[in-house]
Amino acid sequence: MKFRRRSSLLPRAPWPKGVERTEPLRGQLWTRSEKALREPDVAWGWRALAILVAGIESALLVWLWFGPTLAVSSVRVIGAHHMTTAQVATAAGINSDSSVISVDGEAADGHLLNLVWVRAASVEPQLPGTVVIQVSEWEPVVAYHAGQSTNLFLLSDQGVVLGPAATPGGLVGVEGPAGNDPRAGDRPLDSQLVTAIVNIRNVMPTLVGQDITGFIFDSCGDLTMIAKKGWKVYFGRVLTPEQFASLRDKLAALKAIAGKGLVDLSSSDLFIYNEMYPN
């Protein structure tokens, strides 16, 4: 079978012999010019104006930072009872030569928390030149002295030395192991022991009807309580969680001893060695 090519009255188009064309179509461009791709130019006048404005802003910032307009004129401290305003401001790194906009509140808070008296702190700069510092101080709960030393030191409920004290000031006294006097920031007593001592001191007037003057905590970890009338109670070693937990049972036994009249709590030479077995 033979096929005949279909004839046409129109002339045949002159198709190129190769696949690629070396010349672009008339009236069209295969690529964009570099000028079209380039961003539009900005006039030199506008560029100079932008540089001038940036320079003015920088100069204004430098003047506000180091100039007298926004200098720290006053520091107000709230909540400090054992530190002066000058001590708190110095510890926070704030002085009259600095600008109020240069005060870094978070950094100042961290500096204040390094002070032994400070429990929490907040530093807030206020325009035009005031810095407000709010502090929360640790409360002393124990008057501590090492061995036979007569130098007293205030301890927080964390067992940390806050500073020296002239008198106990109504706080429970604790005689620790003999040795050198502690320094501010030291921890001569464990926080759990301090909590137990304060709780025992507070509950004893209700428990046996007598006040407590202090405690003795020796180098072996043994705890002895001293009543206001002079008699003593030996609680034994208090170092482990089990030993601390046994204090509750020993106090209950002491209450039972006092209620049954087994001992004379008015005697100054009374020494209760094992309250769990009063006989």
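Visitor: Let's start with the lining of the largest pocket. How do its residues divide into nonpolar, polar and charged?
Guide: The lining of the largest pocket has eight nonpolar residues, two polar and one charged. Here Ala, Val, Leu, Ile, Met, Phe, Trp, Tyr, Cys and Pro count as nonpolar, Asp, Glu, Lys and Arg as charged, and the others, Gly among them, as polar.

Visitor: Before we go on, what kind of model is this?
Guide: This is a predicted model: local features need pLDDT of at least 70, side-chain atom pairs count only at pLDDT 80 or more, and totals for chains, interfaces and linings use all residues. Residues are numbered from 1 along each chain as its sequence is written, and side-chain values use heavy atoms, with hydrogens and water left out.

Visitor: Which residues line that largest pocket?
Guide: Among them are Gln 192, Asn 199, Phe 244 and Arg 248. The elements giving two or more residues to the lining are H5 and H6. Helices (H or I, at least four residues) and strands (E, at least two) are DSSP runs, numbered from the N terminus.

Visitor: Which element gives the largest share of the lining?
Guide: H6 does, with six residues.

Visitor: And what is the volume of the largest pocket?
Guide: About 270 Å³. A pocket is found on a 1 Å grid over the protein atoms alone, as an open set of points where a 1.4 Å probe fits, with protein on both sides within 12 Å along at least five of seven lines; lining residues have an atom within 4 Å of a point. The volume is the space filled by probe spheres set on the points, which are joined across faces, edges and corners.

Visitor: Where do H5 and H6 lie?
Guide: H5 (residues 191-208) lies across S4, S7, S8 and S9, at about 150° to S8. H6 (residues 241-260) lies across S9, S10 and S11, at about 155° to S10. Those angles run from 0 to 180 degrees between N-to-C directions, with axes fitted to C-alpha atoms, for helices over the stretch in contact. Contact means heavy atoms within 4.5 Å.

Visitor: What order do the strands take in the sheet of eight?
Guide: S6-S5-S4-S7-S8-S9-S10-S11, in an open sheet with mixed pairing. S6 (161-165) and S11 (271-272) are the edge strands, each pairing on one side only. Two strands pair if DSSP finds at least two bridges between them.

Visitor: Do S7 and S8 run parallel or antiparallel?
Guide: Parallel, joined by three bridges. Val 174 stands opposite Phe 215 in S8. The chain crosses from S7 through H5 to S8, and this β-α-β crossover is left-handed. A right-handed one runs clockwise from the first strand over the helix to the second, with the strands pointing away from the viewer.

Visitor: How many bridges do S8 and S9 pair over?
Guide: Five, in the antiparallel sense. Ile 212 has Ala 227 in S9 as its bridge partner. Their hairpin has four residues between the strands, and Gly 221 takes a positive phi near 90°.

Visitor: New topic. What's the order in the sheet of three strands?
Guide: S1-S3-S2, again open with mixed pairing.

Visitor: Why is one side of S1 and of S2 left without a neighbour in the sheet?
Guide: Because S1 (74-78) and S2 (118-126) stand at the edges, each with a single partner strand.

Visitor: How do S2 and S3 pair?
Guide: They are antiparallel, over eight bridges. Val 118 stands opposite Glu 137 in S3. Helix H4 (residues 105-113) packs on the sheet, touching S2 and S3.
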